[in-house]
Amino acid sequence: MENNIAVGLLGLGTVGSGVVQIIDGHQEELVHQLGRGVTVKSILVCDLEKDRDVQVNPGNLTTNPEAVLADPEIDIIIEVMGGIDEAREHILRAFEAKKHVVTANKDLMALHGPELQHAAKQNGCDLFYEASVAGGIPIIGGIVDGLASDRIEKVMGIVNGTTNYILTKMDDEGVAYEDALKEAQELGFAEADPTGDVGGLDAARKMAILARLAFSTSVDLADVEVDGIEGLALEDLQFGRQLGLKMKLIGFADFQDKQVEVSVQPTFLPESHPLAAVKNEYNAVYVNGKAVGETMFYGPGAGSLPTATAVMSDVTAVIKNMLLGVTGQQVVTPRYDKVLKSPEQRFGQYYFRIHVQDRSGTFTEISSLFNELDISFERILQDPIKNDKENGLAEVIVVTHQTTLKKINQALENLAKVDVVEEVKSYFRIEGGYDQ
């Protein structure tokens, strides 16, 4: 069709191949939605001779970025090349050429999102990035459009499929962390270097983006407190099961009294919580709004076609804006100045696993330590199977009532000074309304 919309693709990897598949295979749907088709005119690649998962016209491939970015016939640039610095330069160049941009690049948007949004607005261009968070789940559109009139107070979710797969294997099958990670790598759910996933950085970047949008404040990646799942012990998951809890790597963002808290950390959830049932490589994001209450978005968090579906959703949104003549108007500047919550303003329940001297008066001393900080206990476990008779040690599990992070940090300092405490083996936040 002569009036097709021409797009340029930066990258032809997993997601880029999915985009080409959808454009080639869904022309009837695109024409029905838009009144015209979509054509991939040029594709930037690193190697012209590489074997690819999708068939493309070799004449559309180029190693020269300007062949895509400066082509006057191309209206929309789709960035799926990954990386940060080079992708940033290409997107800024696209805006200078008055081209709209759709990106799946979470790393870029987490670090340079505000800058790129400003550049888009200055040039009258659209910038959409639904695919940068949670793959095929329309969470950004849900927050920005679906809940636009509401006041969002909390966003928490499983936004990394690699870690969720590993935790599912550990919890359901008793597989050790190292073995679960190896299996995830063999199945393609984890990279050869999984540091960004298991260390929590991937999830942190997504939570910075979501918090920025949900709370209309300028959250930076450096504002996200990050802790990963490396070396997570099976014992904790087993004790969690006794307590009716499931372990997940949770991205957590809370906004109260115009103050924000954003973190990523291994977190216990009640088995009854919707997020506790999310298994394997799937993602889910739980959103709490003042008016709507609790909602949850669930689906595949990665993969060629799910992520490409999110990309093409953005492409159709850009084209609709082009046809209506309203491009470059979707960027909204932050409404609130960023104020981070202090430790005394951050509340939660906590799980402790402590190795202590197995002698009379030990628990009284530990209880007194917590009581001095006005931290009360909801549950206490001591599994005799875990008792270390040879070294005279016992393992105690404590679940606190709601308290502040400041008091928890002080309790950890005090526990380290008490003779009867051999070691605090682990401690985790409990979220989602646990009450036994």
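Guide: Here is a short tour of the aromatic pairs and some of their surroundings.

This is a predicted model, in which local features need pLDDT of at least 70 and side-chain atom pairs count only at pLDDT 80 or more, while totals for chains, interfaces and linings use all residues. Residues are numbered from 1 along each chain as its sequence is written, and side-chain values use heavy atoms, leaving out hydrogens and water.

A search of the whole structure finds 11 aromatic pairs. Rings of Phe, Tyr and Trp (its six-membered ring) pair if their centres lie within 6.5 Å; planes under 30 degrees apart count as stacked, over 60 as edge-to-face and the rest as tilted. Take Phe-255 and Tyr-336: their ring centres are 5.4 Å apart and their planes are at 50°, so this pair is tilted. Both Phe-255 and Tyr-336 are buried (under 20% relative accessible area, with exposed over 50% and partly exposed in between, using a 1.4 Å probe and protein chains only).

Next come Phe-363 and Phe-377, a tilted pair with centres 6.2 Å apart and planes at 55°. Phe-363 counts as partly exposed at 31% relative accessibility, whereas Phe-377, at 19%, counts as buried. Ring pairs also link Phe-352, Phe-363, Phe-370, Phe-377 and Tyr-427 into a cluster.

Back at Phe-255, one of its contacts (heavy atoms within 4.5 Å) is Glu-153. Glu-153 is buried too, at 18% relative accessibility. Leaving aside neighbours within four places in sequence, the contacts of Glu-153 also include Phe-215, Asn-288 and Lys-290.
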